[in-house]
Each structure stands twice: as structure tokens, then as C-alpha cells.
Amino acid sequence: MWQALAGTGESGAVISEEEEEILLDSYSTPAKGSQKRALTTPEHPQSKRSTSSMLSPRLLLSPASFSAGLTPSQKYSSRGARGEVVSTFGTVQGTRWVGKKGKNAIRVELLEGQDQSLGSSYKFMFQRLRDIRNVLIEKIEELGEELRSHFKIEEFSPVTLPAQDPITVLGQVCCDSNGKLNAQSVLLEAGQDQGGKRVPLDLSELKEYSLFPGQVVIMEGMNTTGNRLVPSKLYEGVPLPFYSADDQDTAEDPEPVMVMVACGPYTPSDSLNYDPLLDLIGVITRDHPDVCILKMFYPLQKCQLTESYEALFLRCVDSIIQGTRGVGCHLVFVPSQRDVHHHFVYPQPPFIMPGLSKEDKEVRTSPNEHIVTCSSLNKLNFLVFVHFSLTSSDRFTRIVKHMLTQRSYYPLYPPAEEINLDYERFQIHGQMLVTPDVLIVPSELRYFIKDVIGCVCINPGRLTKGQVGGTYGRLLIQRSPPSADGKRQSPCIASQVVKI
């Protein structure tokens, strides 16, 4: 397979393009500061250095050139601390990070089923404002009803109602401008049943809070004039229950299941060489994980290619499949908002991979809405820069907790400018059905593994960071029966973030 892919270079097409450029240059006036093209003759042959610089990117990305022979990244190849564990969780001492070595040992399925999940592309970039408004109103009403029943609140008052007694209001946090949320710019927008108006907030009476635009909350406080609410108590969201398996499936697993998670990009920023991807394939063939989730597989955008990004992506996927064939690993490919060949919308439809053979049934493509625990957006980055808090807890813990308690994979409103959000599809496919046992939150921020209200949240980091190597994650999952006192035990017994 490697030889077949390596023989697909189009050197003749590259030569004809060079001759055409030389011919066009001879009929044009050189621009100021431009460099004259060096002509090649038998008496003056072209140097090897210039020849290698004109090689087709197709040849550079072929499996024959994946070795360090062509334009390797010096910083990546000279990196240190390979395989070093940089973050741990759970009982790691004496743990064997090896899978069950058999693709039939486990079963990988979508939680909501194939019929209800987002399985194909759809038309987007056409949304009516009233439809968006209806989605937001339904979100406030649904979460508000859950909060009202959980905290046993009788009724809500309009946010602008003047009252000399404390009132309880329901609404959505928003900002009075397009800037970052702060103590002077925070507003509360009520739902439609409470008038739908906005009121400024005075947070001086709250000892602790963590707010972001789009967050649905309940506040109790004073609003004597009807123009400013002074909350003294804040009721935040409550998470969904965890997934409950059938009675016959509650027995303890005899062996843990190993899950590996890697997030692109898979090439250094200064090279078209796919050494990081080959190193990852080497780790997969060495450790035999039961499931491998590959996220954000976009090629470099600033390079000059002789084939489409989609063709390049399919060739790289084929290389991964061939390199891991026989390992017994379920491959799951999750798209990214930064995939230049894929639909730029959220929720993001799954990849279409035509031509997969019958023996590659362990390969799964998943919509980037949620594959039980993983989503496409870089949510941490967006929420870190817009949320406003007065608390001593860790910011990553706060942000992940917001996602779980708001029951949404992207609770921020309005969304970031670079996010193309389809609200009607988001209402169907972007909401959590249950609280996941493991939540994968890929981000360019620092890697971490945390237990947030019973859910193990992991940011495995990027496989490459600029010109240097990055990290990937691995987890051991083993179902256990409830403890003697009836408390749930997390199935994630151990997790690590490892340098590539």
C-alpha cells in the first residue's frame, strides 16, 4: 500500500507548470524587488537544493516521504522527553496501558442511535431571526423549569417589576455591549413568560459567582426601582443524570477498555512532513488500544498543493487504516471546524469516506455534535475569554461545569464570530442527553484531566504545537457496580496525557 501511494506523484504536471511560468515571465515586466528565475541548461544544471524546493507537495505528503528524508521539521525531530507522562488521573501505578487486542472484544455505538444522530450533510446559512429567538426562548423555559422543580421555587417574577420585598427571577445572562463581560456590563434577560426585558445587575451582594453570556440562571434579590436588580442568591444549573445501562449490563467488566485520543494538527507548522502522524500510528500498533478517537484532521492551509484537500485527507486516512490494520482498534474520526475540506457549520456532519473495504468495518466516522463524549468546537477557548467570575475554584473546572450544568456542548450566546452556528440543528444535536462518564474537550489551552461533578474531563492537547511535538491522551475505562452505600463509581479508573 505504501508503494502504491508513493507512485501517484505527478512530476510531469509540475514540470509543465514550471515551463509555463517561465514562458509567461518572459512576456512580462519584472516587478520591483522580484527575483529572476534561474534558467536550467546542460552547461548550468539546476542545484539539488532548488530541485528539492520545487518538489510537488503530493510527493512530500506521500508515505515514501514520511521519513525524515524530505523537509523534516528540525525542532520536532530533535524534541526531547518523548513518551513522558505530563498529567495523570486515578490509579496509575502498576497500570498496563494495553488494550484487549481484539476488535470484537468491545462494541462502539452512538448513544442516540444511527437514526436520530446527525448522519449526513444538510443545508445551512439560512436562518430567520424569529427561529433563532424561538430556540433561545425554549432553552430558557426548559432549563428554568428544571431549576424551578429542583430548587422548589413556586413562581418567577418579571425582572423589571418594582418591589420592596425580595423577588425570584429567571433569565439569561448577557452583556450590554460586544466587549468582555464585567461587573458593570452584566445584564439579565428574562424569558418570554416574564416579559422578555433586560435589567442591569448589581453583583455586590453575591459572595461568589461565575457568569458568561448565554447562561440560564435563577436569581433572588431586590429591585426596588425596577431599573436595577441586586441579587443576593444565585441558583445555577443542575446536571443531567448519568447513563444507566440495562440490568444485564451492570456487571463489572473483567478487563478495562483502553481509549486513545489525539487531536490535530498532525504536521508541524514549518513542514509538510507527517512524522507526528507516523509516530502516533507507531504508538497505536505498540499499545493496541481498543478505541482510538482522532480529532481535527485538517491539512496545512498555507501550502501549495497539487490535489484537493479532500483527496489529501482521504489518502491520510487510508494511511492510518493501513498502518493500524490487524491491531484490532476501532478508529473513530471526528471532524473539526478547522477542516478546510469539510462543512464549516456547527453541529458538524460526519466525514464521508467512500471506498472503504468490508474489512475496515472497525473504522467509524462520527458527527461532530457529540460522540458520547467529544465535540468539534474549541469551547474552552471561547468560554475562557468571555466568562466573568468571583470565585477561588479552577477556571477549567468552572468552564466544564458550566457545560454540564447548562446541558449543552456550546452554551455561549451570542456565539463567537468564527462560529457558524445553525440553531435549529443545534437544538436537536447540540444538547446533552445524559451527563457523560468521560467528556473530551479538545483545546489549544494547556492539557488537563479533572473530575467535575462525577464526569472525568480531559483536554489531551494538540499532537503538534507549532514546530514542536505535542501530547495525546489515553484512558482506561472499566465498568463497576455501585458501591455498598449505593454511590456511583466512575468507570474511568485511570487517565494520562503523554508527550508524543
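This is a predicted model: local features need pLDDT of at least 70, side-chain atom pairs count only at pLDDT 80 or more; totals for chains, interfaces and linings use all residues.
Three strands form an open sheet with mixed pairing, in the order E13-E15-E14. Strand E13 (438–440) and strand E14 (448–452) are at the edges and have a single partner strand each, so one side of each lacks a neighbour in the sheet. From one strand to the next, the twist averages 20°. Helix H11 (residues 395–406) packs on this sheet and touches E13, E14 and E15. The direction of H11 makes about 55° with that of E14. Within the sheet, E13 pairs with strand E15 (residues 455–459) in the parallel sense, over three bridges. Leu 439 has Cys 457 in E15 as its bridge partner.

An antiparallel pair is formed by strand E6 (residues 216–223) and strand E7 (residues 230–235), which are joined by five bridges. The bridge partner of Gly 221 is Pro 231 in E7. Six residues lie between the strands of this hairpin, where Gly 226 takes a positive phi near 85°. In general, the strands of a sheet pair through backbone hydrogen bonds, in either a parallel or an antiparallel manner.

Side chains of opposite charge can pair when their charged atoms come close. The whole structure contains 11 salt bridges. One of them links Asp 394 and Lys 450, with the closest N and O atoms 3.5 Å apart. Asp 394 lies in the loop between strand E12 (388–390) and H11, whereas Lys 450 belongs to strand E14, so the pair ties together parts that are 56 residues apart in sequence. Asp 394 is partly exposed, at 34% relative accessible area, and Lys 450 is also partly exposed, at 23%.

Arg 148 is partly exposed, with a relative accessible area of 26%, and Glu 145 counts as partly exposed at 41%. Asp 287 and Arg 286 also form a salt bridge, with 2.8 Å between the closest N and O atoms. Asp 287 is buried, because its relative accessible area is 7%, while Arg 286 counts as exposed at 53%.

On the surface, Leu 111, Tyr 243 and Leu 433 form a nonpolar patch with about 290 Å² of accessible area together. Leu 111 is located in the loop between strand E1 (85–90) and helix H6 (113–116), and counts as partly exposed at 37% relative accessibility.

Definitions and conventions
Residues are numbered from 1 along each chain as its sequence is written. Side-chain values use heavy atoms; hydrogens and water are left out. Patches are made of residues with over 30% relative accessible area and no salt bridge: like charges are joined within 9 Å, nonpolar side chains (Val, Leu, Ile, Met, Phe, Trp, Tyr) within 5 Å. Accessible areas come from the Shrake-Rupley method with a 1.4 Å probe; for residues, only the protein chains shown count as cover. A salt bridge is a side-chain nitrogen of Lys or Arg within 4 Å of a carboxyl oxygen of Asp or Glu. Helices (H or I, at least four residues) and strands (E, at least two) are DSSP runs, numbered from the N terminus. Buried means under 20% relative accessible area, exposed over 50%, partly exposed in between (1.4 Å probe, protein chains only). Two strands pair if DSSP finds at least two bridges between them. Axes are lines fitted to C-alpha atoms, for helices over the stretch in contact, and angles run from 0 to 180 degrees between N-to-C directions. Contact means heavy atoms within 4.5 Å.
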